[in-house]
Amino acid sequence: MTIAEKTGNHREPRRVTAAMVAAHAGVSTATVSLVANGKSSGRVSAKNEQRVREAIRELGYVVDSIGSSLAKGVSSLVVLVAPDISNPFFAKVIAGVRSVLASDYQLMLSVTDAGVSPSASETRKILGLRPAGLLVHAPSQEFLEEIGGNLPMVALDAPGISAKFPAVNMDVAQGARDVVAHFAAQGHTRAAYLDAITGTETLAVRREAFLQAAGDFGIEVLPSSVASSMIDVTAASAAFSEHWPSWKKAGVTALGCATDNHAFGVLHAARTLQIRIPQQLAVAGFDDLPYSATSNPAITSVQLNAQEGGRLAALKLRSLLEGKSPEPLQSMLPSSLVVRGSTVIDGDR
């Protein structure tokens, strides 16, 4: 039984206003606004600021930023739609976005399932909050066509979308080619690829570029040597364990992974199966996550500058919010291959 039911008091809690805080602290509502919004430096005395903060704490005052924005006709909310924010890659994206927007906008995260393209129907629900703009990771062309005309929006890591949409992409195709070139230089002639089961375009580009480059470098990748799993260490470990017997029989000595999370799963399974990495199997990943450099062995990975991607996307969005067209409308960030112990023995680098 709730307190309201026990007491018979079913009235809604009274909303505390800035005027109520001002009266409690003995200051003006303008002073309350300056303190509550972090703009009191040099404009409010230390004594009055302390009184306002005490009143805010005692009364439980919360700034109605959305209501305030709507009253002014300008929203201070920016929404980042991204999958699996537990992934350190997106922590870097967020850091880049905040470096540009944090002083003027509040960043809200809308999380999809790991590796899944954002849903237009789900994102449309967020529009009720009247955000100033959207930053969307790996949207489909259909998503952009459906949502794009409603408010300023910038796509991240969305290769293949129409050139009319502002975007920051990463050269994942070159990264995949660099992995294959590295395998070829190490003398590998048969390889496999562990893909993600999700259908985002950036993952498809990685896979297709890997397979194309394999053909160019004379590395055989049989249809049976392409497998997939969720972007999850446990799932990737299970998928690799299932396919390794046939891959070993086919002579596979090198494995490309769609993400570093897949590579982590492979290393985990390899320890259980007593597979020596890289002596029996060279393993390369994608994204160069922080733990990739400290795993055992450390993972060779395609480095994508996630923080710079977030920063550039935020700059493009800021231009749109200011009524300008971003220059250039779309940007491509280069990738680079970081070679570590999962593909070469230390003395051979």
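Guide: Contact here means heavy atoms within 4.5 Å. In this predicted model, residues 24 or more positions apart account for 72% of the contacts in the protein chain with a separation of 6 or more.

Visitor: How many helices and strands does the protein chain have?

Guide: The protein chain has 13 helices and 12 strands.

Visitor: And what percentage of the residues count as buried?

Guide: Of the 349 residues in the protein chain, 47% count as buried. The accessible surface of the chain comes to about 17100 Å², and 51% of that surface belongs to carbon and sulfur atoms.

Visitor: Let us take a single residue. Where is Thr-300 found?

Guide: Thr-300 is found in strand S10, which covers residues 300-304.

Visitor: Is Thr-300 buried or exposed, and why?

Guide: Thr-300 is buried because its relative accessible area is 0%, and buried means under 20%.

Visitor: What lies 2.7 Å from a polar atom of its side chain, the side chain of Thr-300?

Guide: That is the backbone nitrogen of Arg-340. Setting aside residues up to four places away in sequence, Thr-300 also touches several others, including His-182, Val-283, Leu-337 and Thr-343.

Visitor: Where does Ala-298 lie?

Guide: Ala-298 lies in the loop between strand S9 (282-287) and S10. At 15% relative accessibility, Ala-298 counts as buried.

Visitor: What separates the C-alpha atoms of Ala-298 and Arg-340?

Guide: The two C-alpha atoms are separated by 5.6 Å, although Ala-298 and Arg-340 are 42 residues apart along the chain. Beyond its neighbours within four places in sequence, Ala-298 is in contact with Ser-292, Ala-293, Arg-340, Gly-341 and Ser-342.

Visitor: A change of topic: where is His-188 found?

Guide: His-188 is found in the loop between helix H9 (172-185) and strand S6 (191-196). With 13% relative accessibility, His-188 counts as buried.

Visitor: Which side chain makes a polar contact with the side chain of His-188?

Guide: The side chain of Thr-253 does, at 2.7 Å.

Visitor: Now the helices. How do the axes of H6 and H13 cross?

Guide: The axes of helix H6 (residues 88-101) and helix H13 (residues 306-321) come within 7 Å and cross at roughly 40°. That makes H6 oblique to H13. The crossing is right-handed.

Visitor: Which residues make the contact?

Guide: Among them are Phe-89, Val-93 and Val-100 of H6, together with Gln-307, Ala-314 and Leu-317 of H13.

Visitor: Which residue other than glycine has a positive phi, near 60°?

Guide: Gln-274 does. Gln-274 is placed in the loop between H12 and S9, and at 70% relative accessibility it counts as exposed.

Visitor: And what is phi of Asp-287 near?

Guide: Phi of Asp-287 is near 110°, also a positive value. Asp-287 is found in strand S9 and is buried, with a relative accessible area of 8%.

How values were computed
Residues are numbered from 1 along each chain as its sequence is written. This is a predicted model: local features need pLDDT of at least 70, side-chain atom pairs count only at pLDDT 80 or more; totals for chains, interfaces and linings use all residues. Side-chain values use heavy atoms; hydrogens and water are left out. Helices (H or I, at least four residues) and strands (E, at least two) are DSSP runs, numbered from the N terminus. Buried means under 20% relative accessible area, exposed over 50%, partly exposed in between (1.4 Å probe, protein chains only). Accessible areas come from the Shrake-Rupley method with a 1.4 Å probe; for residues, only the protein chains shown count as cover. A polar contact is a pair of N or O atoms within 3.5 Å; within protein, one must be able to donate a hydrogen and the other to accept it, and residues adjacent in sequence count only if both atoms are side-chain atoms. Axes are lines fitted to C-alpha atoms, for helices over the stretch in contact, and angles run from 0 to 180 degrees between N-to-C directions. Angles under 35 degrees count as roughly parallel, over 145 as roughly antiparallel, 65 to 115 as roughly perpendicular and the rest as oblique. A crossing is left-handed if the near helix is turned anticlockwise from the far one by less than a right angle, and right-handed if clockwise.
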